[in-house]
Amino acid sequence: MDQTERKICIVCGEPKEDGITIVTEFICTSCESEMVHTKVEDDRYPFFVHQMKQLWLRFHT
Ligand SMILES: [Zn+2]
């Protein structure tokens with residue numbers, strides 16, 4: 001009875017237990033907090049925006 005559900009985070013691509021699910025996609029807590037603290041001038045910002053855009057596209061179609 002030790003079956004914890006792990007989902008694949010769309011940002012880091014790793015299976016995590018804790019995180020949020022937006023529409024059908026999962027983002028782990030570490031990536032989520034990282035995204036929140038990522039500044040626009042950060043190198044990773046375009047990557048996060050790209051990932052989030054995938055979600056929005058699915059959500060709005
Ligand atoms: Zn992640």
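Student: Which residues does threonine 38 touch, not counting residues up to four places away in sequence?
Tutor: This is a predicted model. Threonine 38 sits in the loop between H1 and H2. Leaving out residues up to four places away in sequence, its contacts are Arg44, Tyr45 and Phe48.

Student: Is threonine 38 buried or exposed?
Tutor: The cut-off for buried is under 20% relative accessible area. Threonine 38 has a relative accessibility of 13%, so it counts as buried.

Student: Which backbone oxygen does the side chain of threonine 38 reach, and at what distance?
Tutor: A polar contact here needs N or O atoms within 3.5 Å. The threonine 38 side chain reaches the backbone oxygen of glutamate 34, at 2.5 Å.

Student: Which element gives the most residues to the largest nonpolar core?
Tutor: That core has 9 residues: Cys9, Val11, Phe26, Ile27, Cys28, Cys31, Met35, Phe48 and Leu55. Two or more residues come from each of strand S4 (25–28), helix H1 (29–37) and helix H2 (45–59). With 3 residues, the top contributor is S4.

Student: Which residues is valine 11 in contact with, beyond its neighbours within four places in sequence?
Tutor: Valine 11 belongs to the largest nonpolar core. Setting aside neighbours within four places, its contacts are Ile27, Cys31, Met35, Phe47 and Phe48.

Student: What arrangement do the donor atoms around the zinc ion make?
Tutor: The zinc ion is coordinated at 2.3 Å by the SG atoms of Cys9, Cys12, Cys28 and Cys31. The 4 donor atoms subtend angles of 101 to 119°, so the arrangement is tetrahedral.

Student: Are cysteine 9 and cysteine 28 buried or exposed?
Tutor: Both are zinc donors through SG. Cysteine 9 and cysteine 28 are each buried.

Student: What is the C-alpha separation between glutamate 32 and cysteine 9?
Tutor: Glutamate 32 is in helix H1. Along the chain, glutamate 32 and cysteine 9 are 23 residues apart. Their C-alpha atoms are separated by 9.9 Å.

Student: How does glutamate 32 count in accessibility, and which residues is it in contact with beyond four places in sequence?
Tutor: At 30% relative accessibility, glutamate 32 counts as partly exposed.

Conventions:
Residues numbered from 1 in each chain as written. Predicted model: local features only at pLDDT ≥ 70, side-chain atom pairs only at ≥ 80, totals over all residues. Heavy atoms only, no water. Core = buried A, V, L, I, M, F, W, Y, C linked by side-chain atoms within 4.5 Å. Buried < 20%, exposed > 50% of the residue type's maximum accessible area, 1.4 Å probe, protein only. Helix = DSSP H or I, 4+ residues; strand = E, 2+ residues; numbered from the N terminus. Contact = heavy atoms within 4.5 Å. Donors = N, O, S within 2.8 Å, 3.2 Å for Na, K, Ca; no water. Tetrahedral: all angles 85-135°; square planar, octahedral: opposite > 155°, others 65-115°. Polar contact = N/O pair within 3.5 Å; in protein donor to acceptor, adjacent residues only side chain to side chain.
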